[in-house]
Amino acid sequence: MDTYKAQGLKRAWIPKEYTTELRPLGIPTVKDRAIQILFLLAMEPVAETQADESSYGFRPFRGCATAITVIRSLLDKKHARDTWVYDADLTKCFDSISHDFLLNNTFIHNKDPLQQWLKAPIYETITEGPNKGKTIITPNNRGTPQGGVISPILCNIALDGMQRLIDKHNSKGNIRKFNKGMGVRILHLIRYADDFVILSPSKD
């Protein structure tokens, strides 16, 4: 890998589901995608040992249907009739993640290729107006480009730890007692990449 040099990313815009907005993709070359897959195969087993229990997006044997099933199961419980639901989507999560954080917290020995992928410039061809056909080159100083093979696992690495915050709150003597005195979490986190739901017995 000493001679490896990552290429720039091709900008493409795709429609966001259920909105009129467009999602920016940064698409690596075929060679860069192939090498990212090799890194992904090495990173995933380690990342899985560190992953949040409540994370269901872009992980082996998990998916959207699993997250929905967990939410439904929690809301079907007898004591959940007064549950408050906090539904959130982190704005521009992929575009905002700190490069330094990813480089310091990603489980690979050789960080140089990762740094190259994160810093790769974005090439965008203008398709309308007087500058049609002109290519704009934009530096990449933050975030992990959507369109990269390893971007989903990098997003999860950045967000893992939310479960520990929830568990810390649940351990402060705030556990409600249900079903013959068994301790039950009062807060539940269910996360799918940068979308998550928190279930709570109170609005506060």
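Two strands are treated as paired when DSSP finds at least two bridges between them. In this predicted model, six bridges join strand β1 (residues 9-15) to β2, and the two strands run antiparallel. Within this pair, W13 has P24 in β2 as its bridge partner.

## Overall features

The protein chain contains seven helices and nine strands. Its C-alpha trace spans about 65 × 45 × 25 Å along the principal axes. Of the 204 residues in the chain, 37% are buried. Among contacts with a separation of 6 or more, 62% are between residues 24 or more positions apart. The accessible surface comes to about 12900 Å², and carbon and sulfur atoms account for 55% of that area. The chain carries 28 positive and 22 negative side chains, with the centres of the two sets 3 Å apart.

## The four-stranded sheet

Strands β1 and β2 belong to an open sheet of four strands, ordered β2-β1-β4-β5, in which the pairing is mixed. The edges are held by β2 (22-27) and β5 (135-138); each has a single partner strand, so one side of each is left without a neighbour in the sheet. From one strand to the next, the twist averages 35 degrees.

## The three-stranded sheet

A further open sheet consists of three strands in the order β3-β9-β8, with antiparallel pairing. Its edge strands are β3 (84-89) and β8 (188-192), each of which pairs on one side only. Neighbouring strands in this sheet are turned by 15 degrees against each other on average, direction ignored. Strands of a sheet pair through backbone hydrogen bonds, either parallel or antiparallel.

Strand β9 (residues 195-200) is joined to β3 by six bridges, and D87 stands opposite V197 in β9. Five bridges join β8 to β9, again in an antiparallel arrangement, and here H188 has L199 in β9 as its bridge partner. β8 and β9 form a hairpin with two residues between them, and A193 in the turn has a positive phi of about 55 degrees. β8 is mostly covered, with four of its five residues buried.

| Strand pair | Bridges | Direction |
|---|---|---|
| β1 and β2 | six bridges | antiparallel |
| β3 and β9 | six bridges | antiparallel |
| β8 and β9 | five bridges | antiparallel |

Leaving aside residues up to four places away in sequence, S200 touches D82, T83, W84, I186 and L187.

## Helices across the sheet

Helix α2 (residues 64-76) lies across β8 and β9 and runs at about 160 degrees to β8. Helix α7 (residues 162-170) also lies across β8 and β9, running at about 175 degrees to β8.

Helix α6 (residues 151-159) is largely enclosed by the rest of the structure, because eight of its nine residues are buried. The buried residues are S151, P152, I153, L154, C155, N156, I157 and L159. Their cover includes the helices α1 (30-50), α3 (93-96), α4 (99-105), α5 (112-119) and α7, together with strand β8. Just after α6, G161 takes a positive phi of about 125 degrees.

The cover of α6 by α1 can be followed to a particular residue. E44 is found in helix α1 and touches P60 and I153, residues up to four places away in sequence not being counted; I153 is one of the buried residues of α6. E44 itself is partly exposed, with a relative accessible area of 29%. E44 and Y192 are 148 residues apart in sequence, and their C-alpha atoms are 17 Å apart in space.

Terms used. Residues numbered from 1 in each chain as written. Predicted model: local features only at pLDDT ≥ 70, side-chain atom pairs only at ≥ 80, totals over all residues. Heavy atoms only, no water. Buried < 20%, exposed > 50% of the residue type's maximum accessible area, 1.4 Å probe, protein only. Contact = heavy atoms within 4.5 Å. Areas by Shrake-Rupley, 256 points an atom, 1.4 Å probe, with all protein chains shown as cover. Lys, Arg positive; Asp, Glu negative; His and termini not counted. Charge placed at Lys NZ, Arg CZ, Asp CG, Glu CD. Axes fitted to C-alpha atoms, helices over the stretch in contact; angles between N-to-C directions.
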